[in-house]
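Hello, and thanks for passing this one along. Below are my notes on how the chains meet and on the ligand site, as numbered points.

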Amino acid sequence: MILHLTVNGKNVETQISPEQTLLSVIRGNLKMTGTKIGCMVGECGACTVILNGKAVKSCVVNAAQCEGMEVRTVEGLANGEELHPLQQAFIDHNAVQCGYCTSGFLMTAVAFLEQNPNPSRDEIKKAISGNLCRCTGYIQIEEAIEGYIAERDKPKEVPDNETKENAAEETVEAAAS
Amino acid sequence: MSDFDFISVNTIDEALDVLARPQKVTVLSGGTDVMLRIHDGRLEPSLLLDVSRIEELKGIKEKDGFIEIGAATTINEIGASELIKDNAYALYEAADVFADPNTRNRATIGGNITNASPGADGAPALFALDGEVLIKKKGGERRIPVTDYIIGSYKTVLEPDELVASIRFKPCKNSAFIKIGLRKAMAISVETVAVALFLDENKIITDCRVAFGALGPSTLRARNTEKVFVGYTPNEETFAKAQEVIAMDIKPRDGLRGSREYRFSTAHVIMERALIKAYEK
Ligand SMILES: Cc1cc2nc3c(=O)[nH]c(=O)nc-3n(C[C@H](O)[C@H](O)[C@H](O)COP(=O)(O)OP(=O)(O)OC[C@H]3O[C@@H](n4cnc5c(N)ncnc54)[C@H](O)[C@@H]3O)c2cc1C
Ligand code: FES
Ligand code: FES
């Protein structure tokens with residue numbers, strides 16, 4: 001059967017069989033290997049992707065059920081060479097060691113922050129409770145997510161070489177948009 | 001290529017037509033049980049019937065004095081529902097500790113009771129709430145208590161041509177759920193208990209229902225124990241009496257997840273805690 005998906009904003013079409021998991025379509029059919037294979041039984045979260053806005057473990061999602069849906073994977077986070085600020089925060093806060101779990105944590109966190117932009121530490125802990133990391137001990141990952149939020153909410157600094165007038169104009173534009 | 005087929009339908013009637021076919025049809029909802037069973041070889045379907053697009057199977061509503069939950073409603077939808085929080089707190093609490101948030105985006109309540117694992121987290125709350133399962137097939141339907149629906153370890157009375165449409169129960173203002181697991185997230189339950197109470201204006205218990213999960217081959221109602229509390233309040237005397245009769249209701253087995261003795265003593269303790277929690281809500 002033919003499966004149609006939107007993957008990171010691009011329409012794709014691929015031949016699948018009915019028992020295939022979404023994970024095997026992403027890695028096997030689409031050759032996108034940023035999404036990882038861990039336990040294959042829904043326990044570790046390495047395979048987490050965002051399906052129609054919700055984080056799911058793609059190793060237990062039937063691919064055929066996703067017909068016409070929108071999938072986001074770790075490959076869709078960066079903007080060209082520029083990392084997504086959450087990816088940067090993971091690096092800055094040493095939340096990546098071997099990195100095997102990282103794409104799963106990133107996708108869980110991105111979907112979670114879209115629904116709850118200002119979570120407490122406890123809410124963050126709960127949100128990532130389905131993702132396992134054997135290396136970092138989770139604290140750095142929680143700090144990275146909090147660090148990203150702090151960075152996101154920081155008032156934008158005006159570079160010194162800009163005149164006050166320019167800055168004022170920018171503020172007006174920002175308020176209008 | 002596999003040698004089985006896949007079909008997705010948008011209405012209950014279409015699903016019932018497919019189920020009426022002579023071949024073996026496997027209903028696929030969130031897939032969190034079915035996909036695992038296909039991949040480890042325990043399940044060899046010939047036709048997968050996707051019910052996840054049937055809108056009639058989704059959502060939570062108040063109807064005829066009951067709260068009704070569509071079979072394909074996800075655990076996260078249940079956990080986010082004010083109607084459930086206000087009228088079935090035990091189920092709300094079960095949804096909150098069920099697996100992990102991402103699994104809960106897929107897992108459905110109909111799949112949970114139909115998979116009927118001894119540790120199914122949705123089942124004890126529905127047992128305590130006296131839930132009723134609406135089962136449909138082409139040209140007919142039946143409504144049965146959930147306690148008659150699950151009849152053993154991974155066993156239900158669902159026939160091959162039947163579909164679970166919804167589960168309903170009467171609103172209950174005093175209910176609670178407690179789970180003791182090996183670790184917080186994704187713990188397949190060691191033991192769970194759900195309690196539903198109805199009180200009169202003097203806060204005397206007029207109806208009491210206690211259900212245990214993960215204690216034996218399947219979820220069970222502690223019918224002798226719960227009678228102890230009717231006409232009384234939860235207090236030292238009623239708890240002492242309950243401790244005497246609880247052995248009539250539960251027969252915990254040794255298992256990887258706890259010895260018989262451990263399970264027996266914790267069962268009584270978590271029941272007390274859940275009763276007080278429900279009573280004081
Ligand atoms: C990582 C992980 C952790 C888990 N943790 C927990 C946990 O903490 N607690 C817990 O209780 N469970 C847990 N489970 C088990 C599972 O998620 C639940 O049982 C879930 O509710 C099943 O729902 P589903 O929609 O995914 O079912 P599916 O896999 O789609 O179906 C399960 C069964 O029900 C049948 N079925 C589904 N819907 C219908 C219907 N409408 N009519 C007739 N038959 C139907 C299917 O044919 C199948 O036999 C876990 C699973 C995984 C993978
Ligand atoms: S590979 Fe999917 S959860 Fe582990
Ligand atoms: S960084 Fe190695 S598993 Fe998380």
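1. Let me start with the interface. Chain B and chain A bury about 2,200 Å² between them, and carbon and sulfur atoms give 58% of that area. Buried area here is the accessible area (1.4 Å probe) that two parts lose on being put together, summed over both. On the chain B side, B:Phe6, B:Asn102 and B:Arg106 lose the most area to chain A, together 25% of what that side buries.

2. A word on the ground rules. This is a predicted model, in which local features need pLDDT of at least 70 and side-chain atom pairs count only at pLDDT 80 or more, while totals for chains, interfaces and linings use all residues. Residues are numbered from 1 along each chain as its sequence is written, chains are lettered from A and ligands numbered from 1 in the order in which they are written, and side-chain values use heavy atoms, with hydrogens and water left out.

3. In contact terms (heavy atoms within 4.5 Å), 28 residues of chain B touch 32 residues of chain A. Eleven residue pairs, both at pLDDT 80 or more, are in polar contact between the two chains; that means a pair of N or O atoms within 3.5 Å, where within protein one must be able to donate a hydrogen and the other to accept it, and residues adjacent in sequence count only if both atoms are side-chain atoms. The chain B side divides into eleven nonpolar, ten polar and seven charged residues, with Gly counted as polar.

4. How many salt bridges cross the interface of chain B and chain A? The rule (a side-chain nitrogen of Lys or Arg within 4 Å of a carboxyl oxygen of Asp or Glu) finds two. In a salt bridge, the side chains of B:Asp96 and A:Lys126 meet at 3.1 Å, N to O.

5. Now the ligand. Residues from chains A and B surround ligand 1, so the site is shared between chains. The shell holds 30 residues, each with a heavy atom within 4 Å of the ligand; the closest are B:Val27, B:Thr32, B:Asp33, B:Thr108 and B:Asp121. By type, the shell has 15 nonpolar, eleven polar and four charged residues.

6. Taken alone, ligand 1 exposes 990 Å², and the protein buries 94% of that (Shrake-Rupley method, 1.4 Å probe).
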